[in-house]
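The questions below concern the pockets and a helix pair of one protein model.

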Amino acid sequence: MKRLIAPAVAAVLATAAPLAIAYPDKPITIVVPTAPGGGNDAMARIIGQKLGPLLGQTVIVDNRAGANGAIASEFAARAAPDGHTLMFGYIATHAMNPALQKLRYDPVADFAPVGLVGWSPTLMVANTGVQVKDVKDLVAQLKAKPDKYTYASAGNGTAPHFAAELFKLNTGVVMLGAPYKGSAPAITDTIGGQTQFMFPSLYTALPHVKAGKLRALAVAGPQRSPLLPDVPTLKEMGIDGVDVRQWYGFFLPAKTPKPIVDQVNKALNQVLADKEVVKRLADHGAEVETSTPEQFGALVKSELAKWKSVVQRAKLTAD
């Protein structure tokens with residue numbers, strides 16, 4: 001009889017609710033899809049410093065630049081869905097690049113959205129030695145001499161690439177593009193004069209503009225930035241259709257248990273309520289906005305559809 005009872009008890013226990021597993025039980029890695037020194041990297045590190053103590057574990061930042069964010073995205077999507085590998089994704093990795101080309105990851109199906117971090121407008125900047133009065137003068141020069149200037153981007157399928165191509169489309173000018181592996185090396189070469197223009201996020205560009213290393217020509221967004229009140233929008237300069245507001249957020253691999261997603265979301269939103277964090281991000285031009293995982297997931301889907309439409313209208317390619 002005992003031999004019969006023991007297996008029966010074991011079967012009942014096996015179908016019962018599993019015991020709660022302590023999370024996290026080892027260091028957490030934040031995968032960043034860009035090189036060290038760029039805006040994404042800085043934001044991830046600012047947040048990671050505060051996130052670690054709240055979750056009770058060390059947070060490590062792992063920069064995996066390359067393939068316009070695809071290398072990092074593929075790595076994060078295939079990580080164990082146990083909550084220990086977070087991805088700092090943004091408009092390029094989860095909307096623009098997937099809209100531009102077929103990738104080895106699905107920005108929706110392969111990820112569990114955790115939460116939105118915030119937004120940053122795109123800024124049109126120039127090397128300080130370029131002899132251009134303003135955007136209208138630039139357009140006139142390019143129409144008189146196509147390909148006179150080169151713009152840098154963080155790679156094809158990134159926000160600086162899309163913004164530059166929309167600028168070309170809506171002004172009818174021709175300008176060569178130089179894709180880099182991330183915004184940091186692209187900014188460096190624009191400052192150095194190897195390239196003349198760029199459309200980085202305000203977060204990435206602002207320190208260099210304030211230091212006098214780059215010249216801000218226009219905001220590629222709906223309104224001026226309070227951090228650069230004298231810099232007009234492209235629309236004010238007579239150029240419509242170049243509205244590229246960049247967003248950032250955290251993801252976990254798909255199939256991560258919902259309680260873990262919710263726990264990380266709660267900690268993330270707590271970090272983003274920290275006045276010090278809000279100020280540090282705002283000082284660089286990023287506006288904090290929090291969300292639930294569901295709200296962030298809906299944003300990703302809508303942005304993906306939006307940029308697929310832009311790719312079709314502008315006839316953009318990954319080449």
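Author: The second largest pocket has a volume of about 170 Å³. The model is predicted; local features need pLDDT of at least 70, side-chain atom pairs count only at pLDDT 80 or more, and totals for chains, interfaces and linings use all residues. Residues are numbered from 1 along each chain as its sequence is written, and side-chain values use heavy atoms, without hydrogens and water.

Reader: How many residues of each class are in the lining of the second largest pocket?

Author: Among the residues that line this pocket are Pro98, Lys102, Tyr105, Asp106 and Leu304. Ala, Val, Leu, Ile, Met, Phe, Trp, Tyr, Cys and Pro count as nonpolar, Asp, Glu, Lys and Arg as charged, and the others, Gly among them, as polar. The lining has five nonpolar, one polar and three charged residues.

Reader: Which strand gives the most to the lining of the largest pocket?

Author: About 300 Å³ of space lies in the largest pocket. Its lining divides into nine nonpolar, five polar and three charged residues. With three residues, the most is given by strand β4 (residues 111-127), strands being DSSP runs of E, at least two residues, numbered from the N terminus.

Reader: Is α2 roughly parallel or antiparallel to α10?

Author: Helices α2 (residues 39-55) and α10 (residues 275-283) pack with their axes 11 Å apart, at an angle of about 175 degrees. Angles under 35 degrees count as roughly parallel, over 145 as roughly antiparallel, 65 to 115 as roughly perpendicular and the rest as oblique. The angle of about 175 degrees therefore makes α2, relative to α10, roughly antiparallel.

Key:
Axes fitted to C-alpha atoms, helices over the stretch in contact; angles between N-to-C directions. Helix = DSSP H or I, 4+ residues; strand = E, 2+ residues; numbered from the N terminus. 1 Å grid on protein atoms, 1.4 Å probe; cavity = no way out; pocket = protein on both sides within 12 Å on 5 of 7 lines; lining within 4 Å. Points joined across faces, edges and corners; volume = space filled by probe spheres on them.
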